[in-house]
Amino acid sequence: MVWSNWFLILYLSWAFFISNTHELQTYQAHLLLQLRKHLEYPSQLDTWESYNGDLCNLSSTLYMGIVCEDNVITELKIKGDKVVKVSDFKGFAIPNQTLSESFSIDSFVTTLSRLNSLRIISLVSLGIWGPLPDKIHRLYSLEFLDLSSNFIFGSVPPQLSRIVKLNSLTLDGNYFNGSLPDWLDSLSNLTVLSLRNNHFKGSVPPQLSRITTLTVIALCHNQLTGKLPDLSTLTSLHVLDIRENKLDSELPAMPKGLVTILLSNNSFSGKIPVQFGQLSQLQHLDLSLNHLSGTPPSSLFSLPNISYLNLASNMLSGSLPNDLSCGSNLGFVDISTNKLIGGLPSCLGNMSNKRAAKFGGNCLSIGAQHQHQKSYCKVANVESKQSRGRIIGALVAVITGTVLVLMLLALGVLFLCRRYCPRRTLEQNTFSKVVQDHSTTGVSSEVLANARFIAQAAKLGTQGAPVCREFSMEELMEATNNFNSSAFMGEGSNGKIYKGKLVNGTNISVRSLTYLKKHSIQNLKFRLDLLSKLHHPHLVGLLGYCIDNSEQDDMKVFLVYEYVPNGNYRAHLSEARPEKVLKWSDRLVILIDVAKAIHFLHTGVIPGTFNNRLKTNNILLDEHRIAKLSDYGMALITEEIGKNEAKGEAPKSRYGMFLA
């Protein structure tokens with residue numbers, strides 16, 4: 001009886017497994033047929049329709065391949081025949097070259113993403129067109145993605161950065177445009193990045209140098225400009241291909257493990273770094289068609305593994321040493337169309353089946369054709385020396401001029417100080433007297449008299465900066481819909497905060513707080529006016545205030561600030577919403593902005609304001625993620641500062657370790 005029960009359990013388990021496997025196979029087969037329909041029934045996939053067995057057992061061909069593990073599709077490769085590259089593609093379907101107008105790349109990717117166990121996807125030359133949808137990130141298991149030779153345009157979707165397992169990204173031969181993504185360093189496992197033959201513009205993002213796993217970077221045939229960043233940190237990099245762009249910087253240091261460097265047809269300038277001659281693994285180096293100058297390092301020719309060296313069509317000058325040594329593997333050398341002089345080293349002049357050398361278009365003294373007159377190249381060498389002389393002379397002139405200007409400025413400042421110091425003392429005494437006449441108990445007239453603004457604060461406070469405005473209670477009631485709960489934004493130690501909108505359309509935030517009546521309204525207004533003059537790009541601006549003294553013991557004070565729409569810094573540090581979490585580079589920028597605001601608060605006012613409640617909740621981000629510090633200067637208008645001043649105490653700093 002026991003054996004029969006065990007047999008029954010095993011039989012039911014086996015039947016359940018077979019049933020589930022069959023359902024899985026049916027579901028996957030259905031999705032594959034949907035993909036075939038989206039791709040408008042290419043002939044390469046005709047076998048999918050006629051095949052009666054498990055598609056996981058279907059034999060792969062040159063144009064189609066399916067690989068399964070545990071009856072789940074993990075690899076899908078399809079290669080079409082739409083290989084024509086169109087120079088004037090406008091983002092619309094082209095008959096016989098792209099899929100039809102009815103094709104939807106969004107629907108196609110939606111169906112594809114349901115095969116969420118896919119690790120390898122290769123969809124090449126299929127006429128796929130349209131912008132790549134964000135939902136591509138649903139393929140969370142993806143390790144290899146190749147969408148080459150299609151008609152995909154627009155930017156590379158940022159959501160792609162969420163496929164953290166991705167180690168190979170190939171988007172060659174499409175129409176992607178805009179800037180190269182600056183989030184690529186989020187793909188910490190990426191080994192191959194190939195974006196060749198697209199329409200990318202702008203500079204190469206420095207974040208690229210953080211992906212230490214990269215072995216291949218291929219960005220050739222784009223429209224990249226500016227500086228090539230230092231890639232020496234990429235110790236695993238073997239291939240760097242950035243040909244045919246518009247990069248115009250000097251050549252940076254390169255990783256020592258590079259095997260292939262292809263930088264031709266750009267606008268690189270300056271000398272070839274000596275460090276290039278220390279790349280012991282280098283086999284192929286192409287620096288042709290640039291604006292490189294100076295004499296090429298001799299060590300380039302003798303690298304132990306170098307086999308291809310192309311320095312043609314630059315502005316190289318000087319002469320190569322007669323005893324130049326060539327590496328045993330060097331099979332091709334091209335130094336043509338430069339301005340080299342002198343003799344041709346013997347290791348380049350001895351023509352044999354082992355090595356081919358091209359050296360025409362120089363001024364070499366070899367008695368052969370295709371060489372310029374020596375005067376042609378001497379001009380270049382003389383100009384180079386004169387250029388260096390001019391640079392040195394210019395530097396000497398600049399340094400001398402700077403010293404003279406600084407001396408004159410010092411004398412001028414000394415003269416002005418002696419002339420105007422008595423007048424400034426008189427102005428301070430006068431201001432002190434005026435404040436004392438209008439001050440009340442509990443306020444130090446000396447503190448108010450010395451609260452003068454200097455440098456940028458003085459300029460902003462007197463030249464066109466908005467004057468602190470006094471709002472009516474009716475205006476604020478209308479702006480906040482009678483302080484409706486829908487306008488409530490939160491509550492802190494300094495009262496509740498509401499969002500509002502003025503009649504002119506300006507968005508505002510309103511903070512309500514209680515102020516004891518023992519301090520006069522006039523004194524309070526003076527402090528508010530003082531606070532409103534603190535203008536800085538990284539401070540939330542105080543637009544005005546409203547004072548309601550209708551209650552018997554307390555006054556209600558409403559502070560009207562500019563509205564900052566992107567929330568506080570703390571919310572962007574939370575892992576609850578990964579798409580909003582800031583990268584370390586963004587966090588550093590924000591903290592630098594905050595540091596600038598703190599520096600201004602310390603030095604822009606005399607005496608500086610210190611009790612500024614600095615914490616992550618009080619750092620706000622605008623629509624461009626620019627940081628703005630809120631709740632600063634509250635000590636000027638709260639009860640605590642009044643008590644401290646009455647006792648003759650200075651406010652205490654509360655910065656602490658807020659970064660922890």
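This is a predicted model: local features need pLDDT of at least 70, side-chain atom pairs count only at pLDDT 80 or more; totals for chains, interfaces and linings use all residues.

Entry one. I then checked where the two ends sit: Cys56 is in the loop between helix 2 (46–50) and strand 1 (64–69), while Cys68 is in strand 1. They are twelve residues apart, and the pair links distant parts of the chain. The sulfur atoms of Cys56 and Cys68 are 2.0 Å apart. That counts as a disulfide because the cut-off is within 2.5 Å.

I also looked up how covered Cys56 is. Its relative accessible area is 17%, so with a limit of under 20% for buried, I put Cys56 down as buried.

Entry two. Next I went to Cys326 and Cys347. They form a disulfide with 2.0 Å between the sulfur atoms. The turn about the S-S bond is 45° for this pair, and I wrote it down as right-handed. Cys326 belongs to the loop between strand 20 (315–319) and strand 21 (332–334), and Cys347 to helix 4 (residues 346–349). This link also bridges distant parts of the chain, with its ends 21 residues apart. Are these two cysteines buried or exposed? I found both Cys326 and Cys347 buried.

Then I turned to Cys363 and Cys377, a disulfide with an S to S distance of 2.0 Å. I read 80° about the S-S bond, and the link is right-handed. Cys363 lies in strand 24 (residues 363–364) and Cys377 in helix 5 (residues 374–438), so the pair ties together parts that are 14 residues apart in sequence. For Cys363 I got a relative accessible area of 2%, so I call it buried. Cys377 comes out at 0%, so it goes down as buried as well.

How many disulfides does the count come to? I get three. I then numbered the bonded cysteines in sequence order, and the pairing reads 1-2, 3-4, 5-6.

Cys220 has a relative accessible area of 1%, so I wrote it down as buried. Cys546 has 3%, so my note for it says buried too.

Conventions:
Residues are numbered from 1 along each chain as its sequence is written. Side-chain values use heavy atoms; hydrogens and water are left out. Helices (H or I, at least four residues) and strands (E, at least two) are DSSP runs, numbered from the N terminus. Buried means under 20% relative accessible area, exposed over 50%, partly exposed in between (1.4 Å probe, protein chains only).
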